[in-house]
Amino acid sequence: MDRTGSSRRGTRRVPSVIGRRRSNRKDVLLGARRNRRRPQIASRRSPDTAPTPISPLENPSQQMPVVSVIRPTSDRPQLPSVQQAATEPIFLPTLFNDRGGLIVPAPLFGSHDLLVRQNVLADQDGLGRVQDQADLDGMRTRRMLVALPASEALRIDDRLPANRRFCRPWTAQFLATLARSFYARFGTPLQVNSAVRTVEFQHRLQRTNGNAAPAEGDTASPHLTGQAVDIAKRGLSLTEIAWLRGYMLPLIEESRVDVEEEFQQSCFHISVYRRYLPPETAPQRYAISARSTPPLAVAVPQP
Ligand SMILES: [Zn+2]
């Protein structure tokens, strides 16, 4: 995020019609509370064709395992297998209520506490902060950072320099799945505006943008870890924004991502955590017998 988190964290209104697992996990890290309220219902039906409501039993997100174990900290690259990436279900949030009203979840406001939380979880994931370009290049070589998964469904802002079009492997997996789901629903691509940044770059950014997050400390920009990306909101319809909020709310509930909507830059700032990857993905590295074939790494395009 670019802002210093001056706005207070708003309540997150979780649509009850979106099938999701009720998490017993407490926000023990910061004692943050998330009030659950019914969503706003738009009075008029959207011109879009209403999708068939997904029952909780049919909702793939219900069947996705929740990872509660924090893995040992290291910067090991972890890439999902091709098979896993291909079989990951496309999650389509429910957009309309029984009367055909568009369900618009409340904005996902940022806060100082949420910025601290993203740094705490990055530390728990064992992520260092990328210091400079040489550091970034070394992490690319070791596959600790991978290329943004640009595709027909995910474009990258022309203004983002080629040497910053990278992120953590689990962030790339999240982006690819999100973009694929969004494209399946709306037929238009999402756009990434920002991804990994170096401490060196963040210092420069602070000098030119008074709202930029610090380059160090407990409120440092999560982009320094490579876990965070910004998705442009400009040009998205209310239906598309509602869909994106609905897509991310269950992932937030499961602490697999954190999201802050920025209104000055008009984007979704998203921190994706290592636990985003299903638990069966990581142990594959260690379950290889002498006879078995190592899992293939997912094909992530290189610039
Ligand atoms: Zn951001």
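1. Let me start with burial: 41% of the 303 residues in the chain are buried. Here a residue is buried if 20 or more other C-beta atoms lie within 10 Å of its own, exposed if 12 or fewer, and partly exposed in between, with C-beta atoms placed from the backbone. Please keep in mind that this is a predicted model, in which local features need pLDDT of at least 70, side-chain atom pairs count only at pLDDT 80 or more, and totals for chains, interfaces and linings use all residues. Residues are numbered from 1 along each chain as its sequence is written.

2. On the overall make-up, the chain has 7 helices and 9 strands. These are DSSP runs numbered from the N terminus (helices: H or I, at least four residues; strands: E, at least two). Among contacts between residues at least 6 apart in sequence, 81% join residues at least 24 apart; two residues are in contact if their C-beta atoms, placed from the backbone, lie within 7 Å.

3. Now to the sheet. Five strands form an open sheet in the order β4-β6-β7-β9-β8, and the pairing is mixed. Two strands count as paired if DSSP finds at least two bridges between them. β4 (154-156) and β8 (257-262) stand at the edges with a single partner strand each, so one side of each has no neighbour in the sheet. On average, neighbouring strands are turned by 30° against each other, direction ignored.

4. The individual pairings are worth a look. β4 and β6 run parallel and are joined by 3 bridges, with Val 192 of β6 as the bridge partner of Ile 156. β6 and β7 pair in the antiparallel sense over 2 bridges, and here Ser 194 has Asp 230 of β7 as its bridge partner.

5. Axes are lines fitted to C-alpha atoms, for helices over the stretch in contact, and angles run from 0 to 180 degrees between N-to-C directions. As for β6, 5 of its 5 residues are buried, so this strand is largely enclosed by the rest of the structure.

6. The largest nonpolar core has 58 residues, and Cys 167, Leu 175 and Val 257 have the most contacts inside it. Such a core is a set of buried Ala, Val, Leu, Ile, Met, Phe, Trp, Tyr and Cys residues joined through C-beta atoms within 7 Å. α5 gives the most to this core, with 8 residues. Leaving aside residues up to four places away in sequence, Leu 175 touches Leu 148, Pro 149, Leu 154, Val 192 and Val 229.

7. Helix α7 passes a simple length check: at 1.5 Å a residue, its 16 residues should span 22 Å, and its end C-alpha atoms are 22 Å apart, which agrees. The expected span is 1.5 Å times one less than the number of residues. Buried residues in α7 include Trp 243, Tyr 247 and Leu 251.

8. Finally, two backbone details. Ser 255, in the loop between α7 (238-253) and β8, has a positive phi near 55° although this residue is not glycine. Ser 255 counts as partly exposed because 19 C-beta neighbours lie inside 10 Å. Ser 266, in the loop between β8 and β9, also has a positive phi near 55°. With 14 C-beta neighbours inside 10 Å, Ser 266 counts as partly exposed.
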